[in-house]
Each structure stands twice: as structure tokens, then as C-alpha cells.
Amino acid sequence: RTAQEAAERAVAAGLAKLGRPGLEAALVALDPRTGDVLAMVGGGDYRRSTFNRATRGRRQPGSAFKPFVFAAALSRGYSPVSVIDRPGAVSAPNNPE
């Protein structure tokens, strides 16, 4: 079974579990070492909608930078289930605060 097939099954199963007609989903799986795209699913059913939500969907600005924050955390030894209960100070270059 390929990563693409697994991604398609995961989207279909997730949408079926929620049981809300008309609900859509998208999934992009990346190799964290290389950044290669391993699988991409643009919607729940291509016959119903050909719009590719993975590549053409509009997102909140936070969604655009979350992968970079996540990748930085992974590279520093955090895991997807790490809990940060006491975050330290956060700053940016030339931060006036």
C-alpha cells in the first residue's frame, strides 16, 4: 500500500466518521527529512468536486506558518505529542518590547 493510497483512505475514513454531508478535507504528507511530498489529497470525492483544497484552498495566515514552527520544534527534539506547559520568552529580531 502506498502513502497516496493511505492518505486517500484516511481522508475518506475521517469524513465518513464525522458523517456531515458536504464536508470536505485535504491532506498533504511530507517527508520531514527531505520535504518531499509523499501524498496529497485535495478533497473527499473528486467526482463530486474537482477543486483541490490542498493546493488551491484559502487558509488563515496561521496555517501558512504552522509547518515552519512545527519543523523547527521537531528539529529541536520535540515530538508531535510534546507538551509545553511553561513557554519561555518569545522574541523577534529588533523586537522593541
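Which strand does Leu 30 lie in? Select Leu 30 and you are in strand 1; strands here are DSSP runs of E with at least two residues, numbered from the N terminus.

Before moving on, a word on the model. It is predicted, so local features need pLDDT of at least 70 and side-chain atom pairs count only at pLDDT 80 or more, while totals for chains, interfaces and linings use all residues. Residues are numbered from 1 along each chain as its sequence is written, and side-chain values use heavy atoms, with hydrogens and water left out.

Now show strand 1 (27–30) together with strand 2 (37–41). The two pair in the antiparallel sense over four bridges; pairing requires at least two DSSP bridges between the strands. Leu 30 has Val 37 as its bridge partner in strand 2. Six residues sit between the strands of this hairpin, and in the turn you will find Gly 35 with a positive phi of about 80 degrees.

**Stop two: around Leu 30.** Leu 30 is partly exposed, at 47% relative accessible area (buried is under 20%, exposed over 50%, partly exposed in between, with a 1.4 Å probe and protein chains only). Leaving aside neighbours within four places in sequence, Leu 30 is in contact (heavy atoms within 4.5 Å) with Gly 35, Asp 36, Val 37 and Leu 38.

**Stop three: Asp 31.** Next, select Asp 31, in the loop between strand 1 and strand 2. Asp 31 is buried, with a relative accessible area of 13%. Draw a distance from its side chain to Arg 33: a polar atom of the Asp 31 side chain lies 2.8 Å from the backbone nitrogen of Arg 33. Not counting residues up to four places away in sequence, Asp 31 touches Asp 36 and Leu 38.

Terms used: Polar contact = N/O pair within 3.5 Å; in protein donor to acceptor, adjacent residues only side chain to side chain.
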